[in-house]
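Please look at the sequence and the model together before reading on. The paragraphs below are meant to be followed with the structure open beside them.

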Amino acid sequence: MSDAQTLNRGPRAYTAFIGIGLLAGLLSGLFGVGGGTVIVPLLVLFLHFNQRLGAGTSLAAIVPTATVGVISYAIHGSVAWVPGLILAAGSVVGAQIGTRLLPRVSQTVLRWLFVGFLVVVIVSLFLVIPSRDAEFEVQLLNGLALVATGVVTGILAGLIGVGGGVIVVPVLMLAFGTSDLIAKGTSLLMMIPTAISGTIGNLRNHNVDLVAAAIVGVSACTTTALGAWLATLIDPFVGNMLFAAYLVVIAVQMAMKAIRGRKKD
């Protein structure tokens, strides 16, 4: 067991794990994201996990969280199963490419490019309001586009550690014209095999705190369904605004990492 894992035990740590899980689960259900953008920084900030251990623990916690999220959205008929599995297949391949490219690509440049992508998405969310009646039919061209989206998502996940939902949800809404609910449910479906694959690799490299992942994951499961239910009640425009606010937080996080990375170069 690593020093970080040994130190991060006791009532304060367990309470923090539960609190982090409750917040991550709510956001996961509400926005169709894995919750890693919440789990990782909070583990690093409050429990002094190193970045790699935090990311590995977060990915393991996402497996049960995303599973509950998919079930919650599926109850409302808001999961596009075939597109989700196509995205997942592309993402698993892309993640392998991303991890291989990691030593050769400038993290700072990538982070600024991702911030630019998020800015475009945030602006678009104010201009394009998804229809709740939109359906997703897979055809040859959009099927190929889904594979490409999955691969790119996986590469970015492998390179800079961003969760797939931050990319997939807006792309499904803005580029594929899906409803916001289907985008979120499908995004969560994509995450399950991706997170399982990543967790297996992290376990081999001892980058997962299993106790923390279990507590965070179980805690998140208790609020994921609540978040998914709230998403069905919120007007699509309001949902866009809330998601845009969430993306602003992610963009600021990524910009701060890029600035710190540049200072180290």
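Predicted model: local features only at pLDDT ≥ 70, side-chain atom pairs only at ≥ 80, totals over all residues.

Residues are numbered from 1 along each chain as its sequence is written, and side-chain values use heavy atoms, with hydrogens and water left out.

Two packed helices are described by the angle between their axes and the distance between the axes. The axes here are lines fitted to C-alpha atoms, for helices over the stretch in contact, and the angles run from 0 to 180 degrees between N-to-C directions. The helices themselves are DSSP runs (H or I, at least four residues), numbered from the N terminus.

The axes of helix α8 (residues 164-174) and helix α9 (residues 180-204) come within 9 Å and cross at roughly 145 degrees. This crossing of α8 and α9 is right-handed, a term used when the near helix is turned clockwise from the far one by less than a right angle, with left-handed used when the turn is anticlockwise. On the α8 side, G164, G165, V168, V169, L172 and M173 take part, and they meet D180, A183, K184, T186, S187, M190 and M191 of α9, where contact means heavy atoms within 4.5 Å. By class, the contact of α8 with α9 has seven nonpolar, four polar and two charged residues; in this scheme Ala, Val, Leu, Ile, Met, Phe, Trp, Tyr, Cys and Pro count as nonpolar, Asp, Glu, Lys and Arg as charged, and the others, Gly among them, as polar.

The packing of α8 with α7 can be read in the same terms. The axes of α7 and α8 come within 9 Å and cross at roughly 155 degrees. That makes α7 roughly antiparallel to α8, since angles over 145 degrees count as roughly antiparallel, under 35 as roughly parallel, 65 to 115 as roughly perpendicular and the rest as oblique. The crossing of α7 and α8 is right-handed, and the contact joins L146, T149, T153 and L156 of α7 to G164, I167, V168, V171 and L172 of α8.

Helix α6 (residues 107-127) packs with α8 at an angle of about 40 degrees, the two axes being 11 Å apart. That makes α6 oblique to α8, and the crossing of α6 and α8 is left-handed. F114, F117, L118, V121, S124 and L125 of α6 make this contact with V166, I167, P170, V171, M173 and L174 of α8. The residues of the contact of α6 with α8 comprise eleven nonpolar, one polar and no charged.

Which residues have the most contacts inside the largest nonpolar core? They are F17, F114, F243, Y246 and L247, in a core of 68 residues; a nonpolar core is a set of buried Ala, Val, Leu, Ile, Met, Phe, Trp, Tyr and Cys residues joined through side-chain atoms within 4.5 Å, where buried means under 20% relative accessible area, exposed over 50%, and partly exposed in between (1.4 Å probe, protein chains only). The largest share of this core, nine residues, comes from α9. Leaving aside its neighbours within four places in sequence, Y246 is in contact with L27, F31, V33, T37 and V166.

Some single residues remain to be considered. S91 lies in helix α5 and is buried, with a relative accessible area of 1%; not counting residues up to four places away in sequence, S91 touches G150, V151, G154, M190 and T194. S78, in the loop between α4 and α5 (81-101), counts as buried at 5% relative accessibility. V138, in the loop between α6 and α7 (140-160), counts as partly exposed at 37% relative accessibility.

Is H48 buried or exposed? At 61% relative accessibility, H48 counts as exposed, and this residue, found in the loop between α3 (36-47) and α4 (51-75), has a positive phi near 60 degrees although it is not a glycine. H206, in the loop between α9 and α10 (210-233), likewise has a positive phi, of about 55 degrees, in a residue other than glycine, and H206 is exposed, with a relative accessible area of 67%.

Methods
Helix = DSSP H or I, 4+ residues; strand = E, 2+ residues; numbered from the N terminus.
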